Amino acid sequence: MNSTQPQNNAVPSQQSWEFAEDYVAMPEAVRLARDEATLSGLTPISPGVVATLTVLAATTRAKLVVEVGTAMGASALALFEGMAEGGILTSIDPETDSQLPARKLLTEAGYTSSKFRLIAGNPLEVLPKLNSGAYDIVFVNGDKLEYVEYVANAERLLRPGGLLVVNDVLWHNQVADPENEGDEAIIIREALQAVNESDAYQQTLLPIGNGLLVAVKN
Ligand SMILES: C[S@@+](CC[C@H](N)C(=O)[O-])C[C@H]1O[C@@H](n2cnc3c(N)ncnc32)[C@H](O)[C@@H]1O
């Protein structure tokens with residue numbers, strides 16, 4: 001026998017992490033939206049987050065989804081891949097410049113305008129106007145400095161059994177580093193703490209992409 005005994009506490013190597021990120025083939029429409037976002041200087045969701053959003057939407061048979069941070073529509077398309085027939089996605093972003101290409105890419109991918117609402121506005125003004133207890137998923141991927149407020153809004157919007165999904169919660173390794181006092185790291189820690197201390201959720205923090213918090217509302 002020349003096999004080495006795996007250690008239970010071994011952390012994934014960079015190679016394993018990249019293998020997991022790229023494990024699921026990405027739909028062509030999502031690839032296009034990611035490429036467009038990158039060309040425009042925006043950071044789209046990672047391939048691993050694409051696959052995870054699709055699985056989460058399918059698991060909850062999501063019909064009503066709200067997201068903060070449209071960019072070119074990569075996450076919207078990933079969510080649609082898993083959402084139930086007839087599902088409707090509301091996506092909020094203050095930047096109209098990216099919502100126009102996002103609309104085009106969603107339409108080209110076969111989603112008619114009746115299936116999505118792209119709201120060009122400040123999420124902190126739009127979120128309070130959405131219906132309470134109506135949403136299967138709230139996906140947060142907007143301005144990191146507003147994460148605490150997005151998370152606070154999400155608890156009201158989600159139905160029991162609905163999912164709060166927050167992207168970038170490890171923010172370039174800054175959040176886990178107690179020495180890091182950057183604004184984003186501090187605010188993201190506050191948002192994580194609010195969910196952690198709330199009785200409203202069961203949660204997990206997945207180390208995919210830049211970190212993905214998934215919390216199911218009780
Ligand atoms: C990381 S990108 C979103 C990526 C997108 N979900 C995707 O999959 O490609 C962040 C988005 O937040 C938007 N944003 C910028 N400032 C914002 C603000 N003050 N409030 C909310 N969103 C903002 C940007 O326009 C951008 O589209």
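In helix H8, Ala185, Ile188, Arg189, Ala191 and Leu192 are buried, a residue being counted as buried if 20 or more other C-beta atoms lie within 10 Å of its own, as exposed if 12 or fewer do, and as partly exposed in between, with C-beta atoms placed from the backbone. The model is a predicted one, in which local features need pLDDT of at least 70 and side-chain atom pairs count only at pLDDT 80 or more, whereas totals for chains, interfaces and linings use all residues. Residues are numbered from 1 along each chain as its sequence is written.

Helices (H or I, at least four residues) and strands (E, at least two) are DSSP runs numbered from the N terminus. The 15 residues of H8 (residues 183-197) should span 21 Å at 1.5 Å a residue, which agrees with the 21 Å between its end C-alpha atoms; the expected span is 1.5 Å times one less than the number of residues. The buried residues of H8 pack against H7, E5 and strand E7 (212-217), where contact requires C-beta atoms, placed from the backbone, to lie within 7 Å.

In helix H7, the buried residues are Tyr147, Tyr150, Val151, Asn153, Ala154 and Leu157. They cover an arc of only 165° around the axis, which puts them on the same side of H7. The elements against which these residues pack are E1, helix H6 (123-126), E4, E5 and H8. Together, E4, H7 (residues 147-157) and E5 make a right-handed β-α-β unit, in the sense that, with the strands pointing away from the viewer, the path from the first strand over the helix to the second runs clockwise.

Strand E4 (residues 135-140) is largely enclosed by the rest of the structure, because six of its six residues are buried. E4 pairs in the parallel sense with strand E1 (residues 64-68) over four bridges and with strand E5 (residues 158-167), also in the parallel sense, over five bridges, pairing being assigned if DSSP finds at least two bridges between two strands. Valine 138 of E4 is the bridge partner of valine 66, and its own bridge partner in E5 is leucine 164.

Terms used: Two residues are in contact if their C-beta atoms, placed from the backbone, lie within 7 Å. The arc is that of the directions from the helix axis to the C-beta atoms.
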